[in-house]
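This report describes a predicted model. It covers the overall fold, the nonpolar core, the ligand shell and the positions annotated in UniProt.

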Amino acid sequence: MKILVATKNKGKAKEFQSMFENLGVEILSLNYIEGSPDVEETGVTFEENAILKAETISNQMNIPVIADDSGLEINALEGRPGVYSARYAGIHKSDEDNMKKVLEELQDVEDNNRDAQFVCALAFARPQKETLVVKGECKGQILREKRGSEGFGYDPIFFLPQLNRSMAELAKEEKNKISHRAIALEKLKKLINEEDLLWEKP
Ligand SMILES: O=c1[nH]c(=O)c2ncn([C@@H]3O[C@H](COP(=O)(O)OP(=O)(O)OP(=O)(O)O)[C@@H](O)[C@H]3O)c2[nH]1
Ligand SMILES: [Mg+2]
């Protein structure tokens, strides 16, 4: 079985592939589809943007599609970068630039006020069926400098106190057990299962 994930982010696509591996599902991302459009993320919430991406691509291709809209919310920055996480330092800036901006903004913020969470909304859009939407969160703290080289995005500056490591110091199997994306995906699988049970009733 193949599932299309409406993302151009290679880090996300890899994590989905890994999380679906033991189910025998192959994940395709928009990087495989020539000329696939950039869906404009005009929503103000993660859920709105996930629905926008999933429904636009599902309507265009007439197939079921999962989309992920995710980001980092930092309490001391009133929830920023939030839905702007991918473009926090500017549209064409890199993960490095985004991390640098966050670290600079938090320079004078005390260690006990650096709480943050990663948030992931997943939308599953299907032709002629209601779109399913779920959300997962993972709590941590923002470090003062990068640690580790796994993962993507802000992982090197996101510290998990309960594991005493940064997200970028976790092996992919470990991240894919505790991450915002893993938690959201578990919820989505549950919803799909419940739905199947409903449909299977005589
Ligand atoms: O360290 C991180 N570990 C993660 O696990 C993670 N998940 C999301 N993020 C950040 O949030 C943006 C999403 O923005 P986003 O949902 O719009 O995705 P994107 O624009 O990169 O790709 P697409 O899916 O829209 O095509 C990303 O670029 C990252 O900066 C993460 N950072
Ligand atoms: Mg995006």
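## Overall fold

The secondary structure of the protein chain consists of five helices and seven strands. Along the sequence they follow the pattern β-α-β-α-β-α-β-β-β-β-α-α. The radius of gyration is 17 Å, close to the 17 Å that the globule rule gives for 202 residues, so the chain is as compact as a globular protein of that length.

Taken along the principal axes, the box filled by the C-alpha atoms is roughly 60 × 35 × 25 Å. Of the 202 residues in the protein chain, 35% are buried. Among contacts between residues at least 6 apart in sequence, 56% join residues at least 24 apart.

## Nonpolar core

The largest nonpolar core holds 44 residues, and Ala6, Ala50, Ala54, Leu122 and Ala123 touch the most other members. Strand β4, residues 115-126, gives the most to this core, with nine residues.

Ala123 can be followed through its contacts. Leaving out residues up to four places away in sequence, Ala123 touches Ala50, Ile51, Ala54, Ala67, Thr131 and Val133.

## Shell around ligand 1

Ligand 1 is surrounded by 22 residues, the closest being Thr7, Asn9, Ser85, Ala86 and Gly153. Strand β3, residues 65-74, gives the most to this shell, with five residues. By class, the shell has six nonpolar, nine polar and seven charged residues.

## Annotated positions

An unreviewed UniProt entry lists Glu40 and Asp69 under "binding site". These positions span 30 residues in sequence, yet no two of their C-alpha atoms are more than 11.9 Å apart, so they gather at one spot.

Their surroundings can be taken one at a time. Glu40 lies in the loop between β2 (26-29) and α2 (46-61). Glu40 counts as exposed because it has 10 C-beta neighbours inside 10 Å, the cut-off for exposed being 12 or fewer. Asp69 is placed in strand β3, the strand that gives the most to the shell around ligand 1. Asp69 counts as buried because it has 27 C-beta neighbours inside 10 Å, where 20 or more are required.

Not counting residues up to four places away in sequence, Asp69 touches Glu41, Phe46, Asn49, Ala50, Lys53 and Ala121. One of these, Ala50, is also among the residues that touch the most other members of the largest nonpolar core, and Ala50 is touched by Ala123 as well.

Definitions and conventions: Residues are numbered from 1 along each chain as its sequence is written. Chains are lettered from A and ligands numbered from 1 in the order in which they are written. This is a predicted model: local features need pLDDT of at least 70, side-chain atom pairs count only at pLDDT 80 or more; totals for chains, interfaces and linings use all residues. A residue is near a molecule or strand if its C-beta atom, placed from the backbone, lies within 6 Å of it. Helices (H or I, at least four residues) and strands (E, at least two) are DSSP runs, numbered from the N terminus. Ala, Val, Leu, Ile, Met, Phe, Trp, Tyr, Cys and Pro count as nonpolar, Asp, Glu, Lys and Arg as charged, and the others, Gly among them, as polar. A nonpolar core is a set of buried Ala, Val, Leu, Ile, Met, Phe, Trp, Tyr and Cys residues joined through C-beta atoms within 7 Å. Two residues are in contact if their C-beta atoms, placed from the backbone, lie within 7 Å. UniProt positions are given in the numbering used here, feature names are shortened, and annotations may be inferred rather than shown by experiment. The radius of gyration is taken over C-alpha atoms; the globule rule is 2.2 Å times the number of residues to the power 0.38.
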